[in-house]
Amino acid sequence: MSGFFGMVRTDGTAVEPRFLEMIAQRLRFRGPDGGRTWSKDAYGACFAYLETGTRHQSRSQPVQLGERYSLLGEVRLDARNELVRALREKELGAAEEVSDEELMLLAWSVWGEGALAKFLGDYSFAIWDASQKTLFCARDFCGARPFFYSWREGIFCYSNTLNVLRLVPEISDTLDDSYVWEFLHTGFCSDRTRTVWRDIRRLPAGHRLVLSGGQIHVQRFLNLPIEEPLRFKHSSEYLENYRELLGQAVGDRLPKGKAAFSLSGGLDSGSVCATAARIASERGNPESLKAFTISWRPLFDDPEPEFAKLTAKHLGLAHEILEENSVRPDECGSASGPEPSSEFFLNRDHRFRQTISKHARVVISGDGGDDVLSGQSWPYLKYLYGRREWAEILGSFGGYLVSHGHFPPLRGGFRSKLRRWVGAKEATPQLPVWLNEEFAERRRAESEASFRERPEIEEHPLHPDAYRALHGGYWASVHETEDAGYTGVLLETRAPLLDLSILRFLLRVPPVPWCMNKELSRRAMKGSLPGQVLARPKAPLIEEPLELCWRRDGWRPIPEKNPPKMMHEFVKWNSWLATLENTKGYFHYEYLYPLSFTLWLKAIEKKGGIQ
């Protein structure tokens, strides 16, 4: 959660200390507990420190190793003992109490880029190699921490805070047309390298960037391994391994002192809370934990708070339900972030995060539990059939039928395959009538060309959907919207279920029975969570809040009659107004994307951000 900004002048000019002081002032909201500006020749840095109770956290950056290496970023390392042992084997003295940043630099001095394969945890960082005049940047596999950068006119700068980069004079305030085009269509941008600003890019999760010799190279450095499925003799071994890995992941993320938990009424966040409660009890500070549940009442009868209350009571956790007297869409909320958002309840979410931050600066979530454990069985059946493992097919699929009374869900995409087989064609998406034709045609062609260039992800034989999703950047985008640079709230989110050790284990677990309807976690948490929660099926939100406000409460957006001038480059405004007025009471999310964008654009122009 601490803030950082770095600059390398590839033209050889010294970085101005006065400029860094100005950046540091704007970055200070992220780190009220300390800060530093530093410059040497063509390299400069700012750091704003936030105390989160994280063990082995450097209070000042950049962290340096001799005259050669300097590190700037957000780093929280797991599996430190293994890294310390590996360094000692190289006869490098690494004390167990050394900071995460110092440990990372020691590893870098030994293995260089190869050290990336040894780093487990949440991080986005840059290492400056003064002897090679090279900058190495990296972001962890799930994108727990943001990383933005720009390279313009002999200047490379980077930060975990998008708006801070916009203070650099060489970075223009020109919008990225491709981003805008896709946002107006879908409410987001699927290209995780782009931001709404043409001159600023984001480093995707699991990627590294190298600046050397006047060139930058961006490449994925980590894919989850595809390994043989685990075949334990006894089912208890799957449960024991999962509980051990979950305990390690939660323990690594628990700060010293107070911690908050995002607790729904489901199994994932409940499992994290149960594990944390046990660890806190062993450490002698169970009173430091508090769970928070966000409720959609009184908009609709949300069942989550009651199930969450059962879990909290069972675990002896302090618990608070966050709800307000009324729930209404806040159109201005979509204008409050550094990039446009199609979410109309952002201010509500930020208020709740502000409440949680009064208890602790770290909130631990159950994010990531659905990716593998909601599994599909068809790929596993194909895998076993191809290997002629008839006994395994009979044992796993037949055993599931006997124990559950039905066949495991295949989820093989048969309906869509049948449609293609009978000749049914997917409907070609039509351009909205309100989109500026010249802009739409130009951007569509460029967007399609860009899409074709994206690398393919290898298919996992057991968990293809989950594997593809985990490499797709979804969790990175979630983490960015929870970051202080987006919310303005000093609250750091940590997600144990996205720990790489857990993900690697789950991808080796046979889908049948363990990944059907979260069988593994249900059985692993038996006795640790209430029976009602363990037996509860996966339950999506029973109502879509914005649609409900539209349909039942009569909410309608109030569009601008005279939008910012720039909006006319993208949208035929009168045509969009007519489309919105002719909805005849039907809710269409896509009709609201231009509204979200124009509200954001108006807010930016009001701050003097676009000329």
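**A tour from charges to ring pairs**

Start by selecting the charged side chains: the protein chain has 80 positive and 81 negative ones, and the centres of the two sets lie 2 Å apart. The model is a predicted one.

Next, show the whole protein chain as C-alpha atoms. Along the principal axes they fill a box of roughly 75 × 70 × 50 Å. The radius of gyration is 25 Å, which agrees with the value near 25 Å for a compact globule because the chain has 611 residues. Switch to a cartoon to see 24 helices and 17 strands.

The protein chain exposes about 27500 Å², with 50% of that supplied by carbon and sulfur atoms. Colouring by burial marks 55% of the 611 residues as buried.

Then select the aromatic rings, which form 33 pairs. Go to tryptophan 38 and tyrosine 43: their ring centres are 5.6 Å apart and their planes stand at 70°, so this pair is edge-to-face. Tryptophan 38 and tyrosine 43 are both buried. Move on to phenylalanine 119 and tyrosine 123, where the centres are 6.4 Å apart and the planes at 80°, so the pair is again edge-to-face. Phenylalanine 119 is buried, as is tyrosine 123.

Which residues do ring pairs link into a cluster? Select Phe183, Trp197, Phe344, Phe439, Trp550, Trp555, Phe570, Phe587, Tyr589, Tyr593, Phe597 and Trp600 to display it.

Notes: Residues numbered from 1 in each chain as written. Heavy atoms only, no water. Helix = DSSP H or I, 4+ residues; strand = E, 2+ residues; numbered from the N terminus. Rg over C-alpha atoms; globule rule 2.2 N^0.38 Å. Buried < 20%, exposed > 50% of the residue type's maximum accessible area, 1.4 Å probe, protein only. Areas by Shrake-Rupley, 256 points an atom, 1.4 Å probe, with all protein chains shown as cover. Lys, Arg positive; Asp, Glu negative; His and termini not counted. Charge placed at Lys NZ, Arg CZ, Asp CG, Glu CD. Phe/Tyr/Trp six-rings, centres within 6.5 Å; stacked < 30°, edge-to-face > 60°.
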